[in-house]
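The sequence and model are shown first.

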Amino acid sequence: MKLLRTLLITTVLATGSVAYAAGEHLSRYPTPAGSHEAMGHGSHDTAEMKNTIKLSLMPQGTLSPRKTTKITAKLTLLMGDKVLGDADLKEAHTRKLHLLVVDPSLSDYHHIHPVPAKNGKWTFDFTPKINGRYRIWADVLPIATNKQEYVMADLGIPSGKKTKINKTTNMVSKINDYTFTLALDDEPKAGQAVMGSITISKDGKSFNQLEPVMGAFAHVVGFSEDYESILHIHPMGREPTSNTERGGPKLEFHIEPKKAGFIKLFAQVKIDGKEVFAPFGVIVK
């Protein structure tokens, strides 16, 4: 198996788990409150650490399908209630705050970057496709601790209907003229590493014109069926250093899911200046 040249950390949340596989940069990730372990793979270890931040979300109105609502977000230290603004966070993959957003059916995924506002708060616009509550994971790197944290909060009102997830295995995603093909070198199993790749083609021919998106040629995010676990992966290999570089047709990555069950994956790439989200469905044994 091809070895990942960077650090992979699996973090267990009080409400689930987060696993993050990086590109060529090294990172260290904490264990939030109520968790059991933090597992380090590679040449670096990581110390157990409780989450230090909480996330609050304040919408300016009720969420409605296809309606844009402005949201104010606030990151606050659990100890001391200090609000963390732009000056308190380090940049990671070209942004200081990443929000990974999905609905309970795991069908409507958004990757959002809030902008700094007054009093250390953050604002962003959100346009849901469906009615109901969404879950948001904030990916932050505080300057004070230099430790990556994922902080979770819910947004919106539950629809009151039982949410169904389409758990069909899906290894091929077609969007317009492009075909995204997911391949794994072994059957994915909980707690075990597996190599994966996504190959992109256009009209049956290999496509190698992927544009940089947030300092990488792709961002792969996965959500588990329990609605409590998330995977955040960047492709292996050299990352782009300028907007003129191009990538593809094959993106390789390393994945180690913590739990068994269905995982909905979204591969985010940029083509012709537009961001494209290719969905996949994977069963972890």
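Rings of Phe, Tyr and Trp, the last taken by its six-membered ring, pair if their centres lie within 6.5 Å. Under that rule, ring pairs join Y109, W137, F223, F266 and F277 into a cluster. The model is predicted.

**Overall composition**

The chain has 285 residues, and 50% of them are buried. Its secondary structure consists of 20 strands and zero helices. Of the contacts between residues at least 6 apart in sequence, 62% join residues at least 24 apart. The accessible surface comes to about 13500 Å², and carbon and sulfur atoms account for 49% of that area.

In soluble globular proteins, nonpolar side chains tend to be buried together. Here the largest nonpolar core has 26 residues, and the members touching the most others are F180, I198, L210, V269 and F280.

Which residues does I198 contact, leaving aside its neighbours within four places in sequence? The partners are F180, T181, L182, V220, P249, K250, L251, F253, A267 and F280. Two of these partners, F180 and F280, are also named among the core members that touch the most others.

**Aromatic pairs**

The chain holds seven aromatic pairs. Two of them are set out below.

| Pair | Geometry | Centre to centre | Angle between planes |
|---|---|---|---|
| W137 and F223 | tilted | 5.5 Å | 45° |
| Y178 and F207 | edge-to-face | 5.1 Å | 75° |

W137 belongs to strand 10 (residues 134–140) and F223 to strand 16 (residues 219–224), so this pair ties together parts that are 86 residues apart in sequence. Both W137 and F223 are buried, and both belong to the ring cluster that also includes Y109, F266 and F277.

The pair of Y178 and F207 likewise links distant parts of the chain. Y178 lies in strand 13, while F207 sits in the loop between strand 15 (205–206) and strand 16, 29 residues apart. Are Y178 and F207 buried or exposed? Both are buried.

Methods: Residues numbered from 1 in each chain as written. Predicted model: local features only at pLDDT ≥ 70, side-chain atom pairs only at ≥ 80, totals over all residues. Heavy atoms only, no water. Helix = DSSP H or I, 4+ residues; strand = E, 2+ residues; numbered from the N terminus. Buried < 20%, exposed > 50% of the residue type's maximum accessible area, 1.4 Å probe, protein only. Contact = heavy atoms within 4.5 Å. Areas by Shrake-Rupley, 256 points an atom, 1.4 Å probe, with all protein chains shown as cover. Core = buried A, V, L, I, M, F, W, Y, C linked by side-chain atoms within 4.5 Å. Phe/Tyr/Trp six-rings, centres within 6.5 Å; stacked < 30°, edge-to-face > 60°.
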